[in-house]
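Good morning, and thank you for coming. I would like to take you through one structure, and I ask you to keep it in view while I speak.

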Amino acid sequence: MHLNSKLPNTGTTIFTVMSQLANQYNAINLSQGFPDYDVSPDLISLVNKYMLEGHNQYAPMAGLMALREIIAYKQDLLHKSAYHPDTEITITAGGTQALFTAMACIIQTGDEVIIFEPAYDCYAPTVTLLGGVVKAVELSPPVYKINWQEVKELINPKTRMIIINSPNNPTGIILTDDDMKELIALTHDSNILIISDEVYEHLIYDGKEHLSVCRYPELKERSFITASFGKLLHTTGWKVGYCLAPEWLMREFRKVHQFQVFSVNTPVQYAIADFISDAKNYLELKHFFQQKKEFFSTLLLNTKFDLLSCNGSYFQSVQYSRISDESDTDIAKRLTKEFGVASIPVSAFYSKGTDHRVLRFCFAKRQETLEKAVHRLSGV
């Protein structure tokens, strides 16, 4: 028997590889982006409550209305932007499903999609899987600033979509008002759609502000926004997220969504709707992670790693030129095996494997986990 792979150049993700290596060597896992501390007991109790009350069957295809209404309120509260809960909001099985579905309902064979690398690793394979063509704009440390002239030169009649991610995974960089205005100018009077991956929207530091595309009417009218409750509520294993889009786009999104997953975990949706009805349960998140970022970065000053800027997300990137000239993948594996700390080599976020000698650490961990990890790294 023979199979022509639709993703012949794609293997197991670096996240799985490094987590498996961490388990094998009993290393502290700062590679994959998940917390090692407990979920709110109030949220756990709410899930249990709704299970016991019998909310265990299919939710509506688009998601529980109560949850969609809370999300609409949140968008208006934070961004002064209105989304109709009935026609413009859909609950998804995590942020990655939202991304996949948004791409699947639009991209056709030969369509070109512009992405900015380093990029979350599902973007390029999904475009390829759907028959699209990836046009990557490579950004470089230490500032990872977008050269919009380079983007402009890539645009042609085949350009169907631009994917942005702010705050960015893995760099922690956020897009500015100037960036948004450049994007408006590039897409004006065009047929180009936008996916704005805003999964880390509440993790913004040092007085910075998250500029959602929904704040810009010219962008909102052509954009899917994807987000995740996993990052918001420390519940990455629950895989619940959502997508926002104007009705004309959401109509197409739901055509795919209904046959991909149909609906999402019912009691969890009820619980999340209850929990985030109190806005402090998401508004205070940036303060929680600001403390973790400062704690971790201060510890790292006692190592030979050089810190790059982190304005958002829960990832700290570092350069290691004072330590080694190894490739980032080689040193990431060596740090896991010899020093017991797992990270992610940032070359994995480039389609061509571009290696700027940068590693990514996740600081969504308990204080004692971070202290123990940096103690080990100080010996490198």
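Predicted model: local features only at pLDDT ≥ 70, side-chain atom pairs only at ≥ 80, totals over all residues.

P170 is found in the loop between β5 and α7. The peptide bond that joins N169 and P170 is cis, with an omega of about 25°. There is another cis peptide bond to point out, between E117 and P118, where omega is about 15°. P118 belongs to the loop between β3, residues 112-117, and α5, residues 123-129.

Let us turn to the sheet. In what order do the seven strands of the open sheet lie? The order is β2-β8-β7-β6-β5-β3-β4, and the pairing is mixed. At the edges we find β2 and β4, the latter covering 133-138, and each of these pairs on one side only. From one strand to the next, the twist averages 20°.

Strand β2 and strand β8, residues 241-244, are antiparallel and pair over four bridges. Within that pairing, T92 has G241 of β8 as its bridge partner. By contrast, strand β6, residues 193-197, runs parallel to strand β7, residues 223-228, and four bridges join them. Here I194 stands opposite S223 in β7.

Let us stay with β2 for a moment. In a regular strand, side chains alternate between the two faces of the sheet. In β2, residues 89-92, I89 and I91 point one way, while T90 and T92 point the other way. Are these four residues buried or exposed? All of them are buried.

Next, the helices that lie across the sheet. Helix α4, residues 95-104, lies across β2, β5, β6, β7 and β8, and runs at about 160° to β7. How many of the 10 residues of α4 are buried? Seven are, and the helix is thus mostly covered. Among the buried residues of α4 are G95, Q97, L99 and M103. Helix α7, residues 177-187, lies across β5 and β6, and its direction makes an angle of about 175° with β5.

Now to the surface. Y73, L77 and L283 form a nonpolar patch there, with about 260 Å² of accessible area together. L77 is located in helix α3, residues 65-79. Why is L77 called partly exposed? Its relative accessible area is 32%, and the partly exposed class lies between the buried limit of under 20% and the exposed limit of over 50%.

K80 has a positive phi of about 55°, although it is not a glycine. K80 sits in the loop between α3 and β2. Because its relative accessibility is 67%, K80 counts as exposed. D189 also has a positive phi of about 55° and is not a glycine. The loop that holds D189 is the one between α7 and β6. D189 is likewise exposed, because its relative accessible area is 71%.

Thank you for your attention.

Terms used
Residues numbered from 1 in each chain as written. Heavy atoms only, no water. Buried < 20%, exposed > 50% of the residue type's maximum accessible area, 1.4 Å probe, protein only. Helix = DSSP H or I, 4+ residues; strand = E, 2+ residues; numbered from the N terminus. Pairing = 2+ DSSP bridges. Patch = residues over 30% accessible without salt bridge, like charges linked within 9 Å, V, L, I, M, F, W, Y side chains within 5 Å. Areas by Shrake-Rupley, 256 points an atom, 1.4 Å probe, with all protein chains shown as cover. Salt bridge = Lys/Arg side-chain N within 4 Å of Asp/Glu carboxyl O. Axes fitted to C-alpha atoms, helices over the stretch in contact; angles between N-to-C directions. Contact = heavy atoms within 4.5 Å.
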